Amino acid sequence: MGTYEDLPTELVTERLRLRRWAPSDAEEYRGLWLERDPRVPPARRIDDEGRPMVDDMRGRLLDNPLMAHQGLGLLPIELRDTREFIGYCGLTVGQASFDEPEIAYELAQRFHGHGYATEAARAVLEAARRTGRRRLWATVREWNAPSFRVLEKLGFHRSDRITEDAERGNTVWMTRVLD
C-alpha cells in the first residue's frame, strides 16, 4: 500500500459543497436507500420491515463518519445556496483497492439531470489526484445509463473487467488514469 494524502473533508464547487457527515444527514441518507432501483442488492436497500431505520443510519454515520478506509470517504453533497442535502460522492475501497480506489456517487432522484453528479465527481477526481493516487475505478451496473454518462464526461473508460450477475445485471468496471 502506498502513502497518500487524505481526501479532504470539504470540497466546494460553483454550486455544491461536499462536507463531513452529520447525524442530521441520517434521514436524507436513508431516503436515498428508499429510492434505489430494485435491482440493487438487498443489503443496500430498505427491507420489507423498513430497516435500516433512521436511527440505524445515524449510528452508521457516528461510528464511521466517512464510511470508508482511513484517508478515503464518501462526503454528503449539499447545494451551496440552500444547504439542502442532495446525495453523496467520494472515494471508497469498495470493490477496488486503497491504492486505486473507487469513485462513488448517488443523488436523490429529484436532483438528477442537473449536472450535480458530474460536478461533485469532478471535484472528487481532482482531490484524488492531489492525494497522490494515479488511477481510479468505478463499478456500474450495465443498466445504469446515467452513471455511465457521468463517468464518460469525466474521462473514464470501460476496462476489460466485468463482474457477471444474471439476476441484478452485470457490473462494468470503468477506470481513469489521473495525470
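A residue counts as buried when its relative accessible area is under 20%, as exposed when over 50%, and as partly exposed in between (1.4 Å probe, protein chains only). The model here is predicted, so local features need pLDDT of at least 70 and side-chain atom pairs pLDDT 80 or more, while totals for chains, interfaces and linings use all residues. Residues are numbered from 1 along each chain as its sequence is written, and side-chain values use heavy atoms, with hydrogens and water left out.

Now for the rings. Two rings of Phe, Tyr or Trp (its six-membered ring) pair if their centres lie within 6.5 Å; planes under 30 degrees apart are stacked, over 60 edge-to-face, and the rest tilted. Eight aromatic pairs turn up in the structure. One of them joins Trp-21 and Phe-85, tilted, at 6.2 Å centre to centre and 45 degrees between the planes. Trp-21 also makes a tilted pair with Tyr-88, the centres being 6.5 Å apart and the planes at 50 degrees. Tyr-88 is buried too, at 5% relative accessibility, and Trp-21 has 8%. Ring pairs gather Trp-21, Tyr-29, Trp-33, Phe-85 and Tyr-88 into a cluster.

Arg-39 puts its charged end over the ring of Trp-143, 4.0 Å from the centre. Arg-161 lies over the face of Trp-173, 3.6 Å from the ring centre.

Terms used. A charge sits over a ring if NZ of Lys or CZ of Arg is within 6 Å of the ring centre and within 35 degrees of the ring normal.
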